[in-house]
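User: Got a model here I'd like to walk through with you. Can you take me around its strands, helices and packing?

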Amino acid sequence: RIARALNVTGILNIQFVVKDEIVYIIEVNPRASRTVPIMSKVTGVPMIELAVRAIMGEKLRDMSWGSGLLPESSLVAVKAPVFSFQKLLDVDSVLAPEMKSTGEVLGVDSDYHLALAKAFIGAGYTMDLTGKVLLSVHQRDKEDALETAQELRRMGFDLEATDETHKYLQEHGVPCLHVPKDSLKDLKDQIKNGRYAMVVNTATLGRDRQRLGFQIRSACQMYDVPCFTCTDTIRAYLKAYQALAAAETVTYEPIAYYQ
């Protein structure tokens, strides 16, 4: 019905938002998303060409590619977004529905965690870490952050945490140094001077630019310190980090090599 209303046939890119179980359409564009050329590269299937031929009236079953599922491959491909927060002043690195990424990279391998590591590296994350880890997380994320903190300790990192996060970690047996929230200037100086290998900071609702979290994230952007605002992302990062450290060799070959 949307296609008929717009007098469009072919590929439509539709963005939705759901509130109170009601589906709203944000925008509809007669185009393919950036994922399509990436999928074409990974699979070797010329999806744009096939889509255009279908628009022109050919049947998919009559094309040389046929239909159905492709044979399984040993290739693993991980797409990661790239951000340019260092060039965008006063833009919060916490993700929201609006598009903030300025590009994408692809990590490929025959091992998932190595492909993930390559994607992180391509997106600008370092995999050679020295220093401590600072944690400052919202109440809703503390349970997830506990698991992350325990893993960081097992990996040999010393931890530091702001008020409530420090209290929570201490109560659950995770040693960490207390960093008072009222020491913002000192904290920003420590980020600048390379004290921290990474920062874990999950935002409160509202994202007030005067709050400590926003100031911490801004300092990380300015001084190129990895800052994770989602606990699932840092868990993925740590798995990739460990896989890369354990790998005897890491290859950087064309996609066909891993297929």
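This is a predicted model: local features need pLDDT of at least 70, side-chain atom pairs count only at pLDDT 80 or more; totals for chains, interfaces and linings use all residues.

User: How many bridges join β3 to β4?
Analyst: There are 7 bridges, and the two strands run antiparallel. For a landmark, look at Val76, which stands opposite Asp109 in β4.

User: What about the open sheet, which order do its strands come in?
Analyst: The order is β7-β6-β5-β8-β9, 5 strands with parallel pairing. β7 (177–178) and β9 are at the edges with a single partner strand each, so one side of each has no neighbour in the sheet.

User: And how do β5 and β6 pair?
Analyst: In the parallel sense, over 3 bridges. Leu135 is the residue opposite Ala161 in β6.

User: Switching to helices. Which residues are buried in α4?
Analyst: Leu114, Ala115, Leu116, Ala117, Lys118, Ala119 and Phe120. The cover over the buried residues of α4 includes β3, β4, α9 and α10.

User: A lysine in that list! Where does the charged end of Lys118 sit?
Analyst: Over the ring of Tyr252, 5.0 Å from the ring centre.

User: What caps the N-terminal end of α4?
Analyst: Asp111 does that, with a side-chain oxygen 3.1 Å from the backbone nitrogen of His113. As for what comes after the helix, α4 is followed by Gly124, which has a positive phi near 105 degrees.

User: What follows α2, then?
Analyst: Gly44, again with a positive phi, here near 80 degrees. Within α2 (residues 35–43), Ile38, Ser40 and Val42 are buried. The buried residues of that helix pack against α3 (47–55), β3, β4 (103–109) and α10 (255–258).

User: Okay, aromatics. How many aromatic pairs are there?
Analyst: The count comes to 7. Take Phe120 and Tyr125: their ring centres are 5.3 Å apart and the planes make an angle of 85 degrees, so this pair is edge-to-face. Phe120 is buried at 10% relative accessible area, while Tyr125 is partly exposed at 24%.

User: How is the pair of Tyr125 and Phe228 arranged?
Analyst: Stacked, with 5.6 Å from centre to centre and 25 degrees between the planes. Tyr125 is in the loop between α4 (112–122) and β5 (132–136) and Phe228 is in strand β9 (residues 227–228), so the pair ties together parts 103 residues apart in sequence. Phe228 itself is buried, with 2% relative accessible area.

User: Which residues form one aromatic cluster?
Analyst: Phe120, Tyr125, Phe228, Tyr237 and Tyr241.

User: Now the largest nonpolar core: which residues touch the most other members?
Analyst: Met127, Val133, Phe157, Leu159, Leu169, Met198 and Tyr237, out of 38 residues in that core. The elements giving two or more residues are β3 (76–82), α4, β5, α5 (142–154), β6 (159–161), α6 (163–171), β8 (196–201) and α9 (231–246). The largest share comes from α9, with 7 residues.

User: What is Met127 in contact with?
Analyst: Setting aside neighbours within four places in sequence, Met127 contacts Ala117, Phe120, Ile121, Tyr237, Ala240, Tyr241 and Leu244. There is also another core lying apart from the largest one, made of 11 residues, among them Ile191, Ala219, Cys220 and Val225.

User: Where is Arg217 found? Buried or exposed?
Analyst: Arg217 is in helix α8 (residues 212–222). At 3% relative accessibility, Arg217 counts as buried. The side chains of Arg217 and Asn201 are joined by a polar contact of 2.4 Å.

User: Last stop: what does Val17 touch?
Analyst: Val17 touches Ile22, Val23, Tyr24 and Ile26, leaving out residues up to four places away in sequence. Val17 is in strand β1 (residues 13–19), and at 39% relative accessible area Val17 is partly exposed.

Terms used
Residues are numbered from 1 along each chain as its sequence is written. Side-chain values use heavy atoms; hydrogens and water are left out. Rings of Phe, Tyr and Trp (its six-membered ring) pair if their centres lie within 6.5 Å; planes under 30 degrees apart count as stacked, over 60 as edge-to-face and the rest as tilted. Buried means under 20% relative accessible area, exposed over 50%, partly exposed in between (1.4 Å probe, protein chains only). Helices (H or I, at least four residues) and strands (E, at least two) are DSSP runs, numbered from the N terminus. A charge sits over a ring if NZ of Lys or CZ of Arg is within 6 Å of the ring centre and within 35 degrees of the ring normal. A nonpolar core is a set of buried Ala, Val, Leu, Ile, Met, Phe, Trp, Tyr and Cys residues joined through side-chain atoms within 4.5 Å. Contact means heavy atoms within 4.5 Å. A polar contact is a pair of N or O atoms within 3.5 Å; within protein, one must be able to donate a hydrogen and the other to accept it, and residues adjacent in sequence count only if both atoms are side-chain atoms. Two strands pair if DSSP finds at least two bridges between them.
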